[in-house]
Structures are given as C-alpha cells and as structure tokens.
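Please examine the structure before reading each solution.

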Amino acid sequence: MIHKQYCFLSGLPRSGSTLLANILAQNPRFHASATSGILDVIFGVRNHWDQLAPFQAMIDRDASEAAKRRVLRGILESYYADDPRPVVFDKSRSWLAHLELAEAILGRRARVLVPVRDIREVLASFERLWRKASATRQIPQESQFYVEFQSIEGRCAVWARGDQPLGLACNRIRDALMRGFRDRLLFVPYESLTAAPAMTMAQIYEFLGEEPFAHDFENVVQVTHEDDRAYGFADLHSIRARVEPTPPHWPKVLGEAAALYANVRFW
C-alpha cells in the first residue's frame with residue numbers, strides 16, 4: 001500500500017472548492033475528491049467504539065485506544081487505496097469541526113485548504129440557485145422555512161442559520177480558529193483564486209510543502225462529478241474551464257438585504 005499524505009478541503013459553500021479541487025487534480029501527484037462522506041463513516045465508528053461492551057471490558061485501555069486509532073486510519077487508507085497518487089485532498093466542510101480527530105488518525109498536524117468568499121456573494125449565489133429552482137420545484141429549506149422564504153431578507157437569514165450551509169460553515173471556521181488551529185489552515189479567497197490563480201496556487205504549494213507545478217488555468221478539465229439532485233439543486237458543482245474573475249452579483253441580487261452582511265469577515 002502506498003503511504004499517502006492527506007490534506008483537506010473544508011471551507012464556505014459557493015466559494016470555489018470544486019474549482020480548486022479540479023485545478024489541484026491537474027497535478028499527477030494529487031487526487032482531489034468530490035464531496036466526500038468518509039469523515040461521516042470515521043465519525044460514526046469513533047462514536048460507536050466506546051459504546052460496545054467488549055471494548056469497555058478490555059483491561060488494557062491504552063491498547064483499545066491504539067486499536068481504535070488504527071481502525072480509524074485504516075478506514076481513510078482503505079477508501080483511497082485504489083488510487084496510486086500519493087497526495088489526497090479529501091473535500092468535506094465537516095473536517096474543520098473534527099481537526100482533533102483528523103490529527104489523531106494522521107499522527108501529525110492537519111493541513112486544510114479553506115476556500116472562502118465575500119459572504120454577500122455566497123448569499124447571492126444561493127439566492128440565484130433558489131430562483132432558478134423555484135420555477136418548478138420546492139427545495140427542502142423552502143418547505144421547512146416557508147414564511148422566511150417569502151423575502152430576500154428571510155432567505156438570507158435561513159442560509160446564515162447555524163444549522164444551514166453558510167451559517168454552519170462560518171461557525172466551524174470561527175471555532176477552529178478559537179481552538180488554536182490557525183497554523184493548520186490556509187484561507188483561499190475565491191476572489192484571489194479567480195483573479196490571480198498562479199499566485200494563489202504558489203501560496204498553496206508553499207503551504208503544502210510540495211514542489212511547484214505549472215497549472216493550466218485556461219483549460220481546467222472537470223474530473224470531480226456529483227449528482228447534485230441529492231442536494232436539492234442542479235449544477236451546484238459544475239465549473240467553467242477557464243479560471244477568470246466574475247463581476248460581483250450581490251448588489252443586483254440582494255439589494256438592501258446585503259447591508260446586513262457587509263462587514264462579516266473572520267479570515
């Protein structure tokens with residue numbers, strides 16, 4: 001089995017994580033995943049281990065703990081065992097909430113690329129997705145928060161809730177910083193990635209301790225694919241081949257509602 005180095009993609013939604021993953025995947029040393037569920041499997045095993053009576057009854061608790069870590073590491077290793085590339089980027093916004101677990105199974109400090117973006121642009125992206133979808137179907141959030149979804153302000157407030165995609169991701173980033181993990185994180189602003197991709201990727205390679213690689217920003221072939229119907233929207237994870245900046249959408253899309261999020265910044 002090839003000994004792999006594991007890194008994580010874990011940041012804000014609608015902030016370029018899919019684009020970044022597919023740029024990284026141009027390097028033949030790198031495997032970059034689509035949205036991954038392997039952390040949820042690891043998390044479930046961790047939680048269930050100590051509930052089992054045979055493990056509770058083990059006299060040597062240190063041996064039980066060591067075995068647990070080997071099993072958790074083995075889950076991650078087995079998941080990517082068929083891929084020959086030595087560096088793996090596992091994409092899940094949940095990693096930021098479980099960096100202690102990540103470091104326990106890796107046996108070293110974690111390295112996390114954290115895509116971020118102007119919060120107003122994230123909200124504008126969700127608003128545009130909802131308007132497109134609402135013509136023919138009701139997304140789960142609209143069903144759950146029907147009254148709030150009657151206004152732009154209400155829809156923004158829903159996305160920013162602590163149990164919804166944007167609010168949960170923001171809380172995870174803040175908490176990782178408060179837990180002292182700042183040196184494990186490299187924030188990758190969407191605006192920088194799209195306006196200055198070469199400079200941004202150079203910073204990423206320095207952070208990772210990897211040799212520089214000449215990426216093609218004019219033709220990014222998408223190799224990560226997901227059936228976005230599972231998330232209630234279409235085309236959540238589609239990217240354009242050319243890396244280029246996009247004009248801000250929030251002034252036109254959010255209007256006065258944007259004022260509530262003008263000063264939200266924590267990276």
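**Exercise 1.** Determine which rings Arg117 and Arg120 lie over.

*Solution.* Arg117 sits over the face of Tyr190, 4.0 Å from the ring centre. Arg120 lies over the face of Trp250, at 4.0 Å from the ring centre. A charge counts as over a ring if NZ of Lys or CZ of Arg is within 6 Å of the ring centre and within 35 degrees of the ring normal.

The model is predicted: local features need pLDDT of at least 70, and side-chain atom pairs count only at pLDDT 80 or more, whereas totals for chains, interfaces and linings use all residues. Residues are numbered from 1 along each chain as its sequence is written, and side-chain values use heavy atoms, leaving out hydrogens and water.

**Exercise 2.** Classify the pair formed by Phe149 and Trp159.

*Solution.* Rings of Phe, Tyr and Trp (its six-membered ring) pair if their centres lie within 6.5 Å; planes under 30 degrees apart are stacked, over 60 edge-to-face, the rest tilted. The structure holds nine aromatic pairs. One of them, Tyr79 with Tyr80, is edge-to-face, at 4.9 Å centre to centre and 80 degrees between the planes. For Phe149 and Trp159, the centres are 6.1 Å apart and the planes at 70 degrees, so this pair is edge-to-face. Phe149 and Trp159 also belong to one aromatic cluster with Phe126 and Trp130.

**Exercise 3.** Is Tyr80 buried or exposed?

*Solution.* Buried means under 20% relative accessible area, exposed over 50%, and partly exposed in between (1.4 Å probe, protein chains only). With a relative accessible area of 5%, Tyr80 is therefore buried. Tyr79, at 46%, is partly exposed.
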